[in-house]
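Have the sequence and the 3D view open as you read.

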Amino acid sequence: MLLAGTVVALAAGGAFRLIGAPGAADLCWALGTAAAVGPAVGWVLGALRHGRAGVDLIAVLALGGTLAVGEYLAGSLIALMLATGRTLEAAAQRRASRDLRALLEHAPRTARRRAGDDVRVVPLAEVAVGDLLVVGPGEVVPVDGTVAEDPAVLDESVLTGEPLTVHRAPGEGVRSGVVNAGGAFALRASATEQDSTYAGIVRLAREAGAQSAPVVRLADRYAAWFLPLAVAAAGLAWLVTGSAVRAVAVLVVATPCPLLLAAPVAVVSGLSRASRRGVVVRDGGALENLGRARTLLLDKTGTLTVGRPRVLDVIAAPGWQPTQVLRLAASLDRYSPHVLARALLDAARERGLRLSLPTDVSEEPGRGAAGTVAGRRMAVGRLAPGAELPAWARAADNRAALDGAAIAWLGVDGRPVGAVLLRDPLRHDAPRTLRRLRAAGIERIVMLTGDRAAPAREAGAVLGLDEVRAGLSPADKVAAVRAERDRAVTVMVGDGVNDAPALAAADVGVAMGARGSTASSEAADIVLTCDRVDRLADAVAIAVRSRRIAVQSALGGMLMSLAAMAAAAFGLLPPAAGALLQEGIDVVVILNALRALGGDRPARPVLPQSTEALIRRFAAEHDDLQEVLEAVRSAADRLSAGPGPEALASVREVHRLLAERLLPHEHAEEHQLYPALAPTLGGPEATATMSRAHVEIDRLARRVETHLALAGPDGNLAPEQLDDLRACLYGLHTVLRLHFTQEEESYFSLAP
């Protein structure tokens, strides 16, 4: 409204001046000037209440001065500049909010209380310690308690971040806010609603948001020295010359329009550019702070990792193939809602396996599914407690423990025949993103996670983090954020309800909004709307550039204003001419600030469509070739168990897979993908290391072929061959896993 009023007043005054009515023109300009005085005084008083004397104080003095000496045109121009700056800043501060409505909206309001055979729905506030509650499948646990009867299968990711379900036996504690991922179970309440975990998270988030430091506008920071300088210059001009008009002229050209306009224009431009990259920034202050950030705190699950389990490896018993194990396990689990079942199905589809239709399927919470596939009785899930494991199964169990993986066993006719290892993997774009963040000015990167220490440390080592803190509760995360904020401007990135308090406590909270919780998105200042962590690096780069341009524009504009102030003090610039000159300075400042709409060189190399198509093709082949990697490892394991006919047959099968599938894939990458990537990456040297890996893979494959050719006339391996062949197979498996991971992180992550 102020902007519209000042525009109308300025235009009407100009029209009256053109038709020869100077009195009416002065009246219009005086009204436009007077209309801006009230809001400007209000803004100044608001800033003073918060202990700041902002840039608006000079504008108030200039407005009052122009009215006092009758320089109404100059006053109207100042009013227009003031209204324009405030309007731009309001546009930059889009619906700034740190409320946590989602936490309250998604919290359970009622509970099912059981008394004997009677189950009644009661308000949550009526639940008392000792009440017996019933929690149905898919329901949120309403209060803290202990499992009373049957075991419970729970999804605790909302609190801990771990994507795998956990099993709680009768007598074990359960926290409110977790989701029942199994069948209905009885819960003995150990706390009331207000004393339970979920309510505590809500309180933490509210307290953290209330204690966050207020954002100080970039304009106000520069005004701290410009304001007294301008007032002193105007006073000195009046004192020395005795002319109030000169003092007003100094204030007119000193009106910090570069500050009022440069920062908002650059910030709005940065917000616009960020939105095109799938980054929603709630207010301009958040973008300013992001540009000054030096410490980055990251949750693990769903932020650095994919956020859901994926098949890591498939281990088969002697006489079985990994492909068989995966196909049968996925067939049996094809209708299960369990998170591990989805991972099995995804892996089977990626490898193009044809699934069978199971019959007589039943699912026992906490144990898994059982049914009939291809006429045989099968089960997938956990083994019965105390079951005796054969040697291959003990080795599989040991590997799962070493890799920090969950394990799903496949049993056929009552005996285990295979194991599927599952783990939440790192995002392929995470390493590249962290390198870009360090290049953008982030000096310290720390992981804060509720996950176990072992997998957290492993992820931290792979990503080169400065510190890893595991096993943290929401309160621990808030404490860690506050400690880091004492040292530097701090950004917190997360995606779960358990991250919401930490996001609110940070200088800048960033939520992974594509698949993260609504609570974290509501608590954050910035939301990444697509499920790509590299958008965080884009956001930081945009914030740094926007802030740099804002500072350049503000300082450059103020230097020009200082020169104009000197001219006005010596009587070379009357107020109206000074206001017009200030408008010219503003145009220069705005044009420079609009550079924030553009970008520096692309953060990701721009690939031709044909190259992106090649990347997607070879990425899909990597999924399909997981079967070959599993076969190589399985053959090495069987060779270690004994050089019998079965072990030799598995080695021959590996040789066939290498010759027919793996080596053609590596050859095609070398002669199709790498030449296509070379121009974008700066030449063939960029792919030279990967080409050397291809040579090593080919060498090891030929060595396996040579060993088979050296087998005796009876087809058996000589004793002196075993050690080298076993080393070849284990070495080939290691090189292939490393090579696949490097390609996925360095090349495949380039295609969106």
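A cavity here is a set of points on a 1 Å grid over the protein atoms alone, where a 1.4 Å probe fits but cannot get out. Grid points are joined across faces, edges and corners, and the volume is the space filled by probe spheres set on the points.

Before we go on, a word on ground rules: this is a predicted model, where local features need pLDDT of at least 70, side-chain atom pairs count only at pLDDT 80 or more, and totals for chains, interfaces and linings use all residues. Residues are numbered from 1 along each chain as its sequence is written, and side-chain values use heavy atoms, with hydrogens and water left out.

Back to the cavities. Searching the whole structure turns up three of 30 Å³ or more. The largest one is lined by Gln321, Ala631, Ser634, Ala635, Arg638, Ser650, Glu653 and Val654, where lining residues have an atom within 4 Å of a point. Helix H23 (626-641) and helix H24 (645-681) each give two or more residues to that lining, and H23 gives the most, with four. Helices (H or I, at least four residues) and strands (E, at least two) are DSSP runs, numbered from the N terminus.

Next, the greasy parts. A nonpolar core is a set of buried Ala, Val, Leu, Ile, Met, Phe, Trp, Tyr and Cys residues joined through side-chain atoms within 4.5 Å. Buried means under 20% relative accessible area, exposed over 50%, and partly exposed in between (1.4 Å probe, protein chains only). The largest core has 40 residues, and Leu344 and Leu422 have the most contacts inside it. Leaving aside neighbours within four places in sequence, Leu344 touches Val311, Leu326, Ala329, Ala330, Asp333, Val380, Val420 and Leu422; contact means heavy atoms within 4.5 Å. Apart from this core lies another, of 38 residues, including Val60 and Leu573.

How many residues of strand S21 (residues 508-512) are buried? Five of the five are, so S21 is largely enclosed by the rest of the structure. Val508, Val510 and Met512 point one way, while Gly509 and Ala511 point the other way. Helix H11 (residues 284-292) is mostly covered too, with eight of its nine residues buried.

Two strands pair if DSSP finds at least two bridges between them.

| Pair | Direction | Bridges | Residues opposite each other |
|---|---|---|---|
| S20 (residues 490-494) and S21 | parallel | four | Val491 and Val508 |
| S21 and S22 (residues 526-528) | parallel | three | Val510 and Ile526 |
| S4 (residues 145-147) and S7 | antiparallel | two | Gly145 and Val174 |

The S4 and S7 pair belongs to an open, antiparallel sheet of six strands, in the order S2-S1-S3-S9-S4-S7. Strand S2 (118-123) and strand S7 (173-174) stand at the edges with a single partner each, so one side of each has no neighbour in the sheet.

Asp360 has a positive phi of about 50° although it is not a glycine. Asp360 lies in strand S13 (residues 359-364) and is exposed, with a relative accessible area of 59%. Asp413 has a positive phi of about 55°, again without being a glycine. Asp413 sits in the loop between S16 and S17 and is partly exposed, at 48% relative accessible area.

Technical notes. 1 Å grid on protein atoms, 1.4 Å probe; cavity = no way out; pocket = protein on both sides within 12 Å on 5 of 7 lines; lining within 4 Å.
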